[in-house]
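Q: Please take a close look at one part of this structure and describe how it sits among its neighbours. A plain account is enough.

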Amino acid sequence: MPLQYPFSAVLGCEADALDDMGLALVLTTIAPEIGGVLVRGEKGTAKSTAVRALAAVLPPVTVYAGDRFSIDPGNPAATSPDGPFAADAEVLARPVRLVELPVGATEDRVLGSLHLERALSQGKVEYEPGLLARAHRGILYVDEVNLLHDHLVDLLLDAAAMGQVTVERDGVSVEHAARFVLIGTMNPEEGELRPQLLDRFGLTVEVSAPRDPTQRADVVRRRMAYDAEPVAFTDRYRALDRLLTERIESARDHLAKVRLGDAALLKIAEICAAFDVDGLRADIVTARTAVAHAAWEGRDEVSRADIRRAALLSLPHRRRRNPFDAPGLDEDLLDQLLGDELPPEPPDVPASDGSGPDADGGPSGPAGDLSPGDSDASLGPESREDSGPRDRPLGPESSEDSGPSEPGMHLPDAPQRSGADAATGTVVSASAAYRPKLLTVQGLGDGAAGRRSRALARSGRRTGATRGTNGSLHLVETLLAAAGQQPGRKQAGGRVELRTEDLRVAVREGREANLVLFCVDASGSMAARKRMGQVKTAILSLLMDAYRRRDKVGLVTFRGGGAELVLPPTHSVEIAAARLDQLAAGGRTPLEAGLLEAATVLRRERLRDPRLRPLLVVVTDGRATDGADAMARSMRAAEHVAGLRVTTVVIDSEVGPLRLGLARRLAEVLRAEHLPVAEVSAEALTGVVGTRKVVA
């Protein structure tokens with residue numbers, strides 16, 4: 001096993017000069033009740049390397065020998081499915097585990113399940129612990145956490161809320177503790193994080209590559225030195241890592257001695273209220289982080305500096321904002337709220353307990369029982385954060401239709417920006433988005449889990465069984481398959497003899513994510529302010545819907561002399577919304593070019609990921625004005641697109657009493673659903689929602 005890159009080498013600094021990422025990781029290990037860390041940043045910024053190196057600098061934990069669930073021998077209330085343990089049971093000290101949760105993991109692997117080998121070979125019903133059991137009292141790390149399937153997100157939310165896991169399946173009934181530090185890394189360009197999971201992260205930091213050539217050269221120099229002589233390189237940083245370990249251990253011991261005075265607590269509440277965060281979790285996490293920071297600095301009382309640093313780490317992703325808003329926390333406002341120093345403690349009012357919020361998980365009062373796992377705190381929408389990334393040295397690179405919006409999600413108001421430019425055309429902003437009609441891909445797919453189209457899935461409604469070993473065992477079908485083969489097999493003691501070919505796994509039907517490719521007419525016929533505004537609002541609403549359903553989106557526009565792939569397919573709906581806002585209208589209508597460009601994108605994406613089924617959304621009034629035979633060429637292009645057998649929807653942007661019906665004709669050739677732009681809204685389709693009107 002290769003040596004782990006040293007934590008102090010990743011940070012490129014000593015303990016007294018930790019950057020935001022290093023400090024956030026350290027603080028959440030000093031006080032795990034903070035709730036973990038989300039690290040956001042562009043690719044190649046050592047996010048994964050830093051997290052993997054963190055476990056090596058943490059103090060070891062004590063466990064019972066042979067206990068697969070790692071309960072604390074010093075906690076008399078802790079119970080393990082492998083227990084009970086005798087008073088003289090052997091106790092071991094082992095390093096903190098870093099358990100990685102793959103984004104494609106199955107539910108069985110995460111929760112644990114029946115030990116299949118022993119069930120088949122010995123006839124025993126035995127529970128095989130999953131990843132959550134291994135992560136207890138350690139670190140659960142999810143790389144690319146924003147791409148985590150929804151059913152795994154639900155499991156993490158339940159475990160984070162309860163601090164334990166209950167498994168009732170396959171004849172197994174087990175309950176065990178699952179308290180861990182949750183750390184996730186993500187690249188925002190690949191899509192945002194589900195709001196409920198985002199709020200579970202206590203702290204967030206954003207990292208970027210340094211722009212200083214000297215710092216970049218230092219990073220490369222360290223990386224090359226490590227590659228050349230990993231043992232010598234690791235030894236060189238061993239002393240710094242040991243100092244970090246000792247300081248973390250000292251801060252943990254000092255944590256209970258830190259006083260969080262009433263003045264400091266009121267200041268935290270004032271800051272959270274001023275930044276208009278949802279719920280009370282922000283107040284609790286900020287208080288706990290300030291206490292942990294004071295312990296890290298060796299102070300006996302929370303200071304202004306502790307509160308400021310805590311707010312910068314805990315508040316940005318909890319601010320009430322729209323999913324498409326720009327990130328950031330107003331540091332000037334924060335400094336104004338903090339003032340020069342904290343007011344003195346009133347002599348007749350005792351300070352709160354030194355560990356910050358009380359033992360029940362919060363400040364006294366109506367919300368005093370709110371704990372890190374309570375579900376009634378903010379479910380605010382995804383956010384970026386902080387006042388912008390800080391330059392830092394790098395280490396080595398390592399359903400059905402939803403309601404009007406998700407809990408805590410605020411549909412965006414369009415930026416007030418419109419105008420005209422002779423060269424670029426007219427730019428008109430969208431209005432407030434609405435809940436659109438559910439558009440789905442026809443048939444049954446087998447793509448990645450999502451919320452749009454019907455698909456075979458690892459979770460969902462069980463519809464049958466098939467031969468194999470990859471998936472959830474269908475015990476009844478397995479026994480039925482084996483029963484017919486028993487006459488030709490030797491049976492011992494009357495027991496059923498099972499073989500690999502007898503195994504049957506459940507076939508389940510759920511929902512998948514899709515590629516939603518927009519092909520938008522941005523020509524002069526769309527330039528009328530009311531029409532373009534209506535079209536942009538419809539597209540923005542569909543983008544919001546794609547955001548909720550975990551889809552990949554792309555944007556093709558056509559106007560003037562041709563078509564352009566404005567946004568290659570991406571999971572970042574934020575980028576798509578920004579490109580939509582900048583979209584100008586004007587010039588001729590090269591409908592043929594737009595359709596052919598869309599066909600090219602669809603073919604290319606099919607080669608990249610055959611399981612990702614596309615939904616083509618063509619937004620046009622059906623006109624084609626780029627030549628004498630423009631309409632004929634456009635219809636031939638439509639026939640070509642229809643030959644790809646892609647589910648297509650034509651959103652007809654033609655409005656007014658006099659209509660030519662060209663978009664309906666286009667839908668006929670494309671064998672697509674024809675949907676007037678006024679009917680994109682689900683509310684406009686009373687009694688029609690969920691139906692499909694395919695023009696034959």
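A: The model is predicted. Arg-671 is not a glycine, yet its phi is positive, about 55°. Its relative accessibility is 54%, above the 50% cut-off, so Arg-671 counts as exposed.

The secondary structure of that chain comes to 20 helices and 24 strands.

Take the packing against helix α11 (residues 262–274) to begin with. The crossing of α11 past α12 is right-handed. On the α11 side, the contact is made by Leu-265, Ile-268, Ala-269 and Cys-272, and on the α12 side by Ala-282, Asp-283, Thr-286 and Ala-287. Sorted by class, this contact of α11 with α12 has 6 nonpolar residues, 1 polar and 1 charged.

Helix α2 (residues 20–30) also packs on α12, with the axes 9 Å apart and an angle of about 100°. The two helices, α2 and α12, are therefore roughly perpendicular to each other. Here Leu-23, Val-26, Leu-27 and Ile-30 of α2 meet Thr-289, Ala-292, His-293 and Trp-296 of α12. The contact of α2 with α12 divides into 6 nonpolar and 2 polar residues, with no charged ones.

The C-alpha atom of Ile-284 is 8.3 Å from that of Ile-34, although the two residues are 250 apart along the chain.

Gly-83 and Pro-84 are joined by a cis peptide bond, with omega about 0°. Pro-84 is in the loop between β2 (61–64) and β3 (91–94). Arg-137 has a positive phi, near 65°, and is a residue other than glycine. Its place is the loop between α6 (131–134) and β7 (139–143). With a relative accessible area of 23%, Arg-137 is partly exposed.

Key. Residues numbered from 1 in each chain as written. Predicted model: local features only at pLDDT ≥ 70, side-chain atom pairs only at ≥ 80, totals over all residues. Heavy atoms only, no water. Left-handed = near helix turned anticlockwise from the far one by under 90°. Helix = DSSP H or I, 4+ residues; strand = E, 2+ residues; numbered from the N terminus. Contact = heavy atoms within 4.5 Å. Nonpolar A, V, L, I, M, F, W, Y, C, P; charged D, E, K, R; others polar. Axes fitted to C-alpha atoms, helices over the stretch in contact; angles between N-to-C directions. Parallel < 35°, antiparallel > 145°, perpendicular 65-115°, else oblique. Buried < 20%, exposed > 50% of the residue type's maximum accessible area, 1.4 Å probe, protein only.
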